[in-house]
Amino acid sequence: MLEKTYLADANKRASGPYNFADYLKQYQFSIEKPAEFWAEQAQALAWYKPWDTVLSGDLVQANVRWFEGALLNVCFNCVDRHLVNSANETAIIWQGNEFEQVKYFTYAQLHEQICRLANVLLSKGISKGDRVCIYLPMIPEAIISMLACARIGAVHTVVFAGFSAESLQSRIQDTQCKLVITADEAVRGNKSVPLKLNVDLALKNCSSVTTVLVIAKMGAEINGQHEWEVDYRAAIADADINCPCVVMAAEDPLFILYTSGSTGKPKGVLHTTAGYLLYTTVTFKQVFDYRLNEIYWCTADVGWITGHSYMVYGPLANRATILIYEGIPTYPDVSRCWQIIDQHKVNIFYTAPTLIRMLMRSGNEPVQQTKRSSLRLLGTVGEPINPEVWEWYYQVVGAEHCPVIDTWWQTETGGFMLTAFAEVTSLKPGYAGLPFFGVKPALVDNAGKLLMGENSGNLVMAQSWPGQMRTVYGDHQRYIDTYLTQFPGYYYTGDGALRDAQGFFCITGRVDDVINTAGHRIGTAEIESALVSNSQMAEAAVVGYNHPLKGQGICAFVIPKQGVIVDEALKETLLKEVVQHIGAIAKPDIIYFVNNLPKTRSGKIMRRILRKIVEGGAIKDLGDLSTLAEPDIIKELLALR
Ligand code: PRX
């Protein structure tokens with residue numbers, strides 16, 4: 001296929017980098033002199049005290065520290081400092097499920113709400129370093145809660161409202177949270193999610209929690225059924241509107257966010273104060289070329305890293321006006337996103353390929369019914385975007401005048417790593433693009449040999465950047481083992497990539513046992529253990545496969561115990577098991593009942609064979625079968641389809 005490129009128009013750029021030559025010059029400087037580069041960038045934040053050292057430690061010793069000695073507060077940077085000139089500018093536009101449900105928060109109103117909540121948290125005994133769990137839908141209180149924690153130095157851990165009570169419980173147990181903020185229910189389209197009920201279930205085994213603040217969103221009465229229950233709104237109404245920001249050290253923890261890996265339970269990725277905030281602030285501004293008063297809409301849920309870095313911290317530190325939407329993109333119909341763009345005059349729309357693929361399937365009509373004339377830029381994140389989907393986004397949604405900015409990054413990286421820069425770098429559909437400043441990507445083969453020029457391999461980072469995670473909460477060794485020992489001296493991303501002759505990167509997907517389904521990251525091991533927790537199951541193997549809408553679908557091969565009757569009811573039971581242990585996002589799309597699994601003689605499941613089987617590969621596509629312990633299994637597997 002002939003690869004197409006769209007050229008940048010540097011005349012349209014409002015802030016630096018101003019053109020491609022400028023990018024190249026700054027990039028070189030950022031790699032050669034990272035400390036000087038980041039010290040200059042640090043002017044983007046307000047500091048109580050400057051740093052003694054910009055960067056210390058390294059990837060080998062797993063002890064990277066940025067801006068050591070500096071003091072600052074994240075909430076001050078995201079809210080208070082904007083009050084001087086912009087107290088009455090809009091900070092948050094909240095759009096509910098129904099068209100008429102709209103709320104606006106100015107920076108002054110946001111500040112007041114944060115201070116009130118921060119005082120409630122303090123009154124409940126929360127202080128610097130304590131962990132607070134946030135289990136909320138897409139309502140302004142989710143953002144207010146994050147910033148109230150940051151204000152008093154509490155460490156938040158947001159749990160996606162789609163996760164089950166059991167997932168919530170394991171996160172609360174791991175962080176030993178003292179306080180949980182939740183709502184009675186969440187509404188998504190026509191469905192309601194019983195958040196408070198899930199918290200009640202989770203707390204059956206969480207002795208660290210002493211308070212649960214409940215937002216009576218759907219009007220439920222918060223009647224103190226349990227002694228730890230507090231009505232959020234009543235508590236806020238009584239609280240003082242002044243609350244000073246706690247002075248934080250650069251490396252004090254800001255938040256913990258759980259993410260799935262190839263093995264074990266999800267890891268608590270820990271981000272710290274200065275490096276993370278600076279990185280999200282600078283990347284947001286420079287990649288999107290954000291201009292004051294632009295309306296910015298990121299469709300991510302607050303429970304994921306995109307919701308942290310590019311819905312809350314990066315934009316608010318830039319004094320942006322952000323839009324958050326509580327509903328689903330197909331309610332009441334598939335035109336909803338474009339209608340919201342018109343209704344609120346959205347300038348920047350940042351979403352995931354899954355959503356674009358889903359809306360593209362409904363054709364151009366629902367898009368073209370709307371004007372979308374306010375749009376300046378379109379962004380994408382979370383999964384590889386197929387070139388034809390990229391083209392549709394560019395041609396139909398953006399009417400050929402909005403650059404499509406593909407941003408590759410991870411929970412662990414804190415912010416954009418490989419990306420296009422609006423009107424600075426040319427756009428190549430399907431390619432995430434070039435490294436952000438200070439990012440030094442490299443490709444290595446499985447033996448760790450560095451691959452040069454046009455090539456493909458494992459994507460690694462050769463240098464630390466300020467937004468890098470610092471540890472896995474409570475398990476530093478796991479951090480080292482997962483990210484830093486596979487290829488010593490490098491941070492290992494778990495992704496495969498190819499690099500073209502111009503140095504543009506195209507992400508080819510995960511190379512480990514992690515599935516990226518509909519932009520959500522789930523470890524195969526987590527789903528397997530949910531499946532085998534059912535007493536009728538002997539063994540399970542889960543793989544991802546190409547799925548036209550979700551990017552990757554989830555396929556489970558399960559071996560029932562002897563004598564178990566295999567029928568539709570058993571399938572349903574297994575699906576329920578996954579929903580209960582993890583959440584609906586991890587439900588397998590396909591379940592195959594088998595008598596055996598393809599294993600090596602040492603007992604390792606050969607997942608690549610399973611992947612090929614589910615994708616319809618013929619026997620010749622299955623690769624080397626010589627290490628199979630029981631070659632006859634292949635016949636059984638091929639007969640499944
Ligand atoms: O495989 C990559 C994919 O999503 C993974 C990170 O997932 P998570 O930590 O949940 O963060 C998602 C939002 C930043 C990566 O290892 N990924 C993310 N962005 C892209 C992507 N794959 C291709 N292109 C992208 N733009």
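Between domain 1 and domain 3, about 1,300 Å² is buried, and carbon and sulfur atoms give 51% of that. Buried area here is the accessible area (1.4 Å probe) that two parts lose on being put together, summed over both. On the domain 1 side, Ser260, Trp304 and Arg510 lose the most area to domain 3. Together they make up 37% of what that side buries.

A word on the source. This is a predicted model: local features need pLDDT of at least 70, side-chain atom pairs count only at pLDDT 80 or more, and totals for chains, interfaces and linings use all residues. Residues are numbered from 1 along each chain as its sequence is written, and side-chain values use heavy atoms, with hydrogens and water left out.

Now the bounds. Domain 1 is 20-77 + 256-443 + 452-510, domain 2 is 107-249, and domain 3 is 514-638. They come from an automatic or database domain assignment. The centres of domain 1 and domain 3, taken over C-alpha atoms, are 32 Å apart. The contact (heavy atoms within 4.5 Å) takes 18 residues from domain 1 and 15 residues from domain 3.

Next, the charges. How many salt bridges lie between domain 1 and domain 3? The count is 1. A salt bridge means a side-chain nitrogen of Lys or Arg within 4 Å of a carboxyl oxygen of Asp or Glu. Glutamate 412 forms a salt bridge with arginine 521, and their closest N and O atoms are 2.7 Å apart.

Last, residue types. The side of domain 1 that touches domain 3 has 3 nonpolar, 10 polar and 5 charged residues. Nonpolar covers Ala, Val, Leu, Ile, Met, Phe, Trp, Tyr, Cys and Pro; charged covers Asp, Glu, Lys and Arg; the others, Gly among them, are polar.
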